[in-house]
Amino acid sequence: MLRVRPIVFTSRPEAWEPLLAALGMIKTVDEGGRREFDAGSGRLALQQVSPGAVEDGSTVFGVEIGDPAEFARRTVADGTRAEVIDTAHGTAVRVTAEDGFSFLADKAAHGAVCADADPALAVVGIWLTPDTENAARELRHIGARPRRDTPDGPDFSTKNGGILTVRAGDQPAGGPLEFEYDGGLDGLRARLASAGVAVREDGGTLLVGAPDGGELVVRPAPGLLESDSGWWRG
């Protein structure tokens, strides 16, 4: 399995909850400093940190998987470095790309809980790199499926939800949190505004005020995508 699940480190998790609810996400985990939210496609984790912490307000690229040992075996067999490691949250696989970018594939603690989530919303994980061709190849090695080429770089669907995208950048890094929406942006904009969330439109996308500062991007999705388990909105 493969599911997109970035992590937002924040000292303001309570401020995130009404925003994520207005986007159409459902809270599925609330344990200690960890909260998780399911979209119609993909998942987002909030990890609470102290105000002023270096990581406060940052987003970390990440995915969820099923069997770590099998995931690592298949990834290595396809030509990408991967090792099983123990973390504070359990067993995971550290994937290291040729450009030096490294990210964790965590063992999923539970399946998708998205029956009440907005089916049009998808979580997007972004990989910035000066070598988009090799990054795209390595996403294929972890099981991501080529979806389309865009002016910014290729993107990929995943079997268990969410979108992975590669974009050109000066240094290898995870990109900011984004979403795709396969529905009317006017309706979503009205829903966000009615929840008191600052939102504006720019060039056919929605820019949503984030609790930690700056803005989140919600882009229109290209349409319906097919997965092994049927059709889902990307």
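Mentor: Helix α1 spans residues 13-23, and its buried residues are P13, W16, E17, L19, L20, A22 and L23. This is a predicted model, in which local features need pLDDT of at least 70, side-chain atom pairs count only at pLDDT 80 or more, and totals for chains, interfaces and linings use all residues. Residues are numbered from 1 along each chain as its sequence is written, and side-chain values use heavy atoms, with hydrogens and water left out.

Trainee: What makes a run of residues a helix or a strand, and how many of each does the protein chain have?
Mentor: Both are DSSP runs numbered from the N terminus, a helix being H or I with at least four residues and a strand being E with at least two. On that basis the protein chain has four helices and 21 strands.

Trainee: Why is R43 called buried?
Mentor: Buried means under 20% relative accessible area, while exposed means over 50% and partly exposed lies in between (1.4 Å probe, protein chains only). R43 has a relative accessible area of 0%, and therefore it is buried. R43 is placed in strand β5.

Trainee: What joins the side chains of R43 and D38?
Mentor: They are joined by a polar contact of 2.6 Å. The term covers a pair of N or O atoms within 3.5 Å; within protein, one must be able to donate a hydrogen and the other to accept it, and residues adjacent in sequence count only if both atoms are side-chain atoms.

Trainee: In which sense do strands β4 and β5 pair?
Mentor: Two strands pair if DSSP finds at least two bridges between them; β4 (residues 34-38) and β5 (residues 43-48) have five bridges, in the antiparallel sense. R35 stands opposite L46 in β5. The open sheet has five strands in the order β3-β4-β5-β2-β6, with mixed pairing, and its edge strands are β3 (26-31) and β6, each of which pairs on one side only.
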